Structures are given as C-alpha cells and as structure tokens.
Amino acid sequence: MLKNYFKIAIAVLRRRKFFTFISLFGISFTLTILMVLTAFIDKVIGDNYPDKKRDRLLYVNRIEQKGKDNMTSGTLSYYFLSHYTGMMKTPVKVAISSGFNGTNTYVNNKKIAVSYKYTNAEFWDVMDYDFTEGKPFNKQEVDNADHVAIISEDMKRQYFGDVGPVVGKYIEADNVNYRVLGVVKNVPVTSYMFFSDIYLPYTVSKADYKSKSYGGGYMGVLLAASKDDVPKMQAEYENLMKRVPVESKDYQHLYSHANSFFRSYVDTGNEASSGVFIVVTAISIFVFIFMLLPTLNLVNINITRIMERSSEIGVRKAFGASSKTLVYQFIVENLILTLLGGIIGTLLSVIALWAINNADLIANLQLSINFTVLFIALLACLIFGFLSGVYPAWRMSKLNVVTALKAQ
Amino acid sequence: MIRLQNIEKVYRTDTIETLALNSISLDIAKGEFLSIMGPSGCGKSTLLNIMGLLDAPSKGMIKIADKSTENLNDKQLAQFRNKTLGFIFQSYHLINDLQVLDNVELPLLYRDTTAKERKRLATEALEKVGLANRVKHFPTQLSGGQRQRVAIARAIVGRPDIILADEPTGNLDSAMGNEIMEILINLNRNEGTTIVMVTHDENMAQKTHRLVRLFDGSQVQ
C-alpha cells in the first residue's frame, strides 16, 4: 500500500513540476531559515565554552535602582561585586570581569580592531578557557597591576602572524604594552560575558575600579561547591540584596539577581515582567507565523491538486477506498513531499551555515548543524506535512463519487 | 442478485426539482447479463450508480446479494463495493500516473492481501484480457481498446459477483467494441459473473440475456 502511495506521490510531483517547485521551495527555504536560526540560538544558549561548569554557576550582570521619579539600570561596579559577594559564604569563587571594550592597535602600519576586557584572578579558576599555550595571570600579578595579558588564538594570528609560541612577547593595546602570559581558544562574541581578544588584570584599568558607586562595567559569576548548593547560593544573594542600602535618597528599591545562564541572558532587568517569558513568547510567535505561511501556501496548492485528481479519487472510492483511507493516502503523499523539502532544506542549511561561518559575519562564531537542530527541522517537516495535508485530504474525502468521476 | 424496489432519484436545486428515476423496480438474477438502454438523460447511468452504491436513491430499497444496503456507513459501503462489485466506465478512468499492473492491483490495495498475491492476481486478470505483455506500460501508452481491457482486468481482479459497466464500448470503434463485448460475455458465461451494462448500442444489447429500456426516468420495457 505504502509503495503504491509512494509511486503515485512521486508521479504527481513529477507531473506538476511548477507546483512541486513552489511547494519544495516554500518548505526548504523556511526550513533553512529556521535551522540557521535554531543553530544560532543553540550556539548562543547551548554552547558552554568557557563557562563549562554552568550547573554550578550563577550570573550577576545587572543592578537596578528605582525611585519615584528615578531609575537606573545596568551592569555593576567592581566594588559592588567584590564587596558584597565577598560577604557571601556559599560561593567558593567569584569571577569578576568587565564587558569587552574596543580599541585599535597597529601591526606593521596595519590597523587591527581589538577588544579587551578586565578580569580578576579567580575568573580563570571559575571559567574553563582552553589554553593552547601559557597560563592565566594569578592573584599576585593582579595585585601588582602587572602589565600582563591573555590573548585569543585569533588575536595571536592577527597580531603576531602564523608563528610558534608567543608567551613572553609583548602586545600593544590602548598605547600600553602587555606581556603575553597565555593564549586561549576563541570565544564567539555571542557569549558576550566572556568574549574578548585580550584579557587584562582589572587593576591595570584606567577607569576607577575602586569607585564605590554601584553601577559600573562589570559582571560577576558565582561558583558553588556543588550543583546542590546553587539554590542556596541564589537565596543567599537574594537575601543579601534585601539588606544592601540604596545608593541615594533618589531611590527606594534596589534589585539585583544571581540568575541561571539562560535567565541572565534574556533578563530585561524589568522587575515587573520576566525576560524569559518575553523571549520565549517572542520566539514562539515568530516561529509559528514563519511556519504558518508556507503551510497555508501548501494547503492552497494541495486543494488545487485535489481538483485535478478527482477522477482518481472517484475510482479509488468506487473500488473500495473509504474516506479515511483516502485521507491517510493524501497525508502520506504530503509527508513524502515535505520530507523531500526537509532533505533539500537540510542541504541548503548546511550550505547556508558554511557560508555564514566563512563570511565571518560574527567574530569567532562557528555555527554547525547538530542533532537538536536536525530534530527540530524534522519535527517541523512532519508538522508541515500533517497540517498542510489534513484539511485538503478531508475535503477530498468528502467528494461525492459520481461528481468526482464526472470531473474527468 | 440485485433487487431494486420503487427506486426514486430526485435532484433538487433552489428552483428546480428533477425526477431522474421514477419508481424503478428490478430483479436481476445471479449470473444474468442485463443491458439497460434509453436516450441520453433518461437515467441509465443514475440507475447504474445507485446499483453500484456510488449514489444513494431518494426513495426505495436496494438489496444486493441478499443484503440490504441502506444502513451501511462509509467504511462498510467501501468494503461492500470492494468485495462484491466491479466497475467499468466509458472513459476507462485509469490512473495515468500508475503502470498497468498497479492500476489493476488497485481494488486489492483495500483488502488484506500481500504484495506478492496482488501481483499474481493482477497478472492473472491481465492474462484473461490478453494484456499480460503490457504490465509495465502506462495507460497513455495504450490504445482505447487496450485501456478498456485494463479497466476490465481491474474490475475482475477482486473476483466480484457483479460487474457494472457504464457504456464500456461507447468510446471504441465497432471492432474494438466487439472485442470488449466478447470478453464480457465470456466472463459471464465462464465465471458466472452477473453483469449489468448500460449501452446505446442495440447490437451490443441484443447479445445480453435481457434488455431494460428507460425513458424519462421510468422503465418502459
């Protein structure tokens, strides 16, 4: 039976080349976009380099103070993070780092755009950067405000060229020379809390890291001793924040949270609504509408195709096919079409991701098809096939046999 | 084999009511070869469609193989047609996307038969109509007479008790028409299949056991 359906599905597809093209294009193009999008989201959310101990970590990247007429919200100061998290008992270590800043440097009169960020020494214990050579800077070097740097592989190649080890050599950034202590594997810019070309001790920062202002350019990552300690650590931070006084009488409330990775990523900072909810809802609506359009297109094309095949429907009914059997046949045919579209879409996605990776649109971002993406794509195919087949199939099955036979 | 009692068929639109069949009663015996004649629009095909359970009468009762059919649901009707009835149409109604063998196998798809068994039965049916050498052809590669023979093979492959043929020779020249008629007569004679045939051709009708004439939806002979 299935073989027969397959034969007829392929024959119909070959007979109506234009319709087939439109259908397959609709499915495969939508899938390609969807797969690139999911690959991107998957990379941003799913990739855990360099914060590999994510299940033991909590992220603090925002502080908000609210008054009657005033509100301030943003990243935190080094002082705030070190002072208050220093009071906490649960975290075994706290990584503190600034956001990345941009500057230019020159090699052989060629300008190179460089991003740099400041970190404390514990940053290198909490994070698991892969060192291809050298080692991180230690507390002593940080305390001494030594001009030392960790650089990314990409920076090494750009600044020094394709050479051997560069540990001990000097790199200039923002008119200051830093001695290279280590080289780490690249981090994509989408991991904005950890991406940089050059990592420097926070003590060499030209900005006043000793300022007691709450706001600043820093973020913190708290490491718990075990996964089980994370809720306790989160509660401790929440309690601590309740006790922290507001910065001035302009404000009445202070909010700062130690969140899981995903929540910290999408948190809007707005206390009234959850960032997670907004992001998940927005993505869901986008995907739904994006999938609905080709589905409606397929429904339309399928209804047209039915009318052409009414004689066949009449014959099948006359010779013993029930309405249910015909619905089944038509859905199977549609699933074959959508699966074909799925295969083409997967191939197109591989090409698209390859092109995106090679175009180097986003620094250090290497998108790849993985099983999550493939699973989503195949599931989307099945939903496509099912949704676009059910209504036309139902209409078809309701055709009167005599009318259907007369249609030829 | 087939019993029709006071069959009426009325087509209704918003403004017009047309009586297509008027109180038709007919008994067709097992193994009988009956032809139905009449001018165009007199209700011949409508009557055949009602006998084939492809259309429902507005009034009256149908019994086929001693079974009353009025209370059968869609699935039961489909099963009943599949087991008991075979159809031959004037314009063949073959599926052009499928090869001859697949076309003939079609009624068996809706039964519990294996692919091997389907192939065997379909090849046998094609041998009976002299087309065993055309199994891989597509309908569009065949002549009108050959297509109608494929359609006959499809009608008999499931060994139904009754074959309903709606002007089976209507689209063919007389030589091919005679060939098709021979096949039907042999089928009736050798296998005992009950055949009801709608025709415009007096000569063809004369070759059957009994002739029923319709005029304006009523039986006149």
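# A chat about chains A and B

Q: Which residues have the most contacts inside the largest nonpolar core?
A: In this predicted model, the largest nonpolar core has 77 residues, and those with the most contacts inside it are Ile36(B), Val104(B), Ala125(B), Ala153(B), Leu164(B) and Val196(B). As a general point, nonpolar side chains tend to be buried together in soluble globular proteins.

Q: What is Leu164(B) in contact with, leaving aside its neighbours within four places in sequence?
A: Once those neighbours are set aside, Leu164(B) is in contact with Leu48(B), Met51(B), Gly52(B), Leu85(B), Phe87(B) and Val196(B).

Q: In which sense do E3 and E8 of chain B pair?
A: Strand E3 of chain B, residues 33–37, pairs with strand E8 of chain B, residues 194–198, in the parallel sense over four bridges. As for Ile36(B), its bridge partner in E8(B) is Val198(B), and Ile36(B) is also one of the residues with the most contacts inside the largest nonpolar core.

Q: Is H1(B) buried or exposed?
A: H1(B) is mostly covered, with eight of its eight residues buried, and these are Lys44(B), Ser45(B), Thr46(B), Leu47(B), Leu48(B), Asn49(B), Ile50(B) and Met51(B). Just after the helix, Leu53(B) takes a positive phi of about 60°.

Q: Where else in chain B is there a positive phi in a residue other than glycine?
A: Ser23(B) has a positive phi near 50°, and Tyr92(B) has a positive phi near 65°. Most residues other than glycine have a negative phi. Ser23(B) is found in strand E2 (residues 17–28) of chain B, while Tyr92(B) sits in the loop between E6 and helix H3 (100–109) of chain B.

Q: Why does Tyr92(B) count as buried?
A: Tyr92(B) counts as buried because it has 24 C-beta neighbours inside 10 Å, and 20 or more are needed for that. Ser23(B), with 14 other C-beta atoms within 10 Å, is partly exposed.

Q: Changing topic to chain A, which residues of helix H6 are buried?
A: In helix H6 of chain A, residues 153–160, the buried ones are Met155(A), Lys156(A) and Tyr159(A). Seen down the axis of H6(A), the buried residues fall within an arc of 100°, so they line one face of the helix. What covers them includes strand E5 (101–107), strand E6 (110–119) and strand E10 (176–184) of chain A. H6(A) is followed by Gly161(A), whose phi is positive, near 85°.

Q: And where does Val246(A) lie?
A: Val246(A) lies in the loop between helix H7 (230–243) and strand E13 (253–255) of chain A, and it is partly exposed, with 14 other C-beta atoms within 10 Å. The C-alpha atoms of Val246(A) and Lys66(A) are separated by 8.9 Å, although these residues are 180 residues apart along the chain. Leaving aside neighbours within four places in sequence, Val246(A) is in contact with Gln65(A), Tyr251(A), Gln252(A) and Leu254(A).

Q: How many residues does the contact between the chains take from each?
A: The contact takes 24 residues from chain A and 21 residues from chain B. On the side of chain A that touches chain B, the elements giving two or more residues are helix H1 (2–15), helix H10 (310–318), helix H11 (323–359) and helix H13 (401–406) of chain A. The residues of that side divide into 11 nonpolar, eight polar and five charged.

Definitions and conventions. Residues are numbered from 1 along each chain as its sequence is written. Chains are lettered from A and ligands numbered from 1 in the order in which they are written. This is a predicted model: local features need pLDDT of at least 70, side-chain atom pairs count only at pLDDT 80 or more; totals for chains, interfaces and linings use all residues. Two strands pair if DSSP finds at least two bridges between them. Two residues are in contact if their C-beta atoms, placed from the backbone, lie within 7 Å. Ala, Val, Leu, Ile, Met, Phe, Trp, Tyr, Cys and Pro count as nonpolar, Asp, Glu, Lys and Arg as charged, and the others, Gly among them, as polar. A residue is buried if 20 or more other C-beta atoms lie within 10 Å of its own, exposed if 12 or fewer, and partly exposed in between; C-beta atoms are placed from the backbone. A nonpolar core is a set of buried Ala, Val, Leu, Ile, Met, Phe, Trp, Tyr and Cys residues joined through C-beta atoms within 7 Å. The arc is that of the directions from the helix axis to the C-beta atoms.
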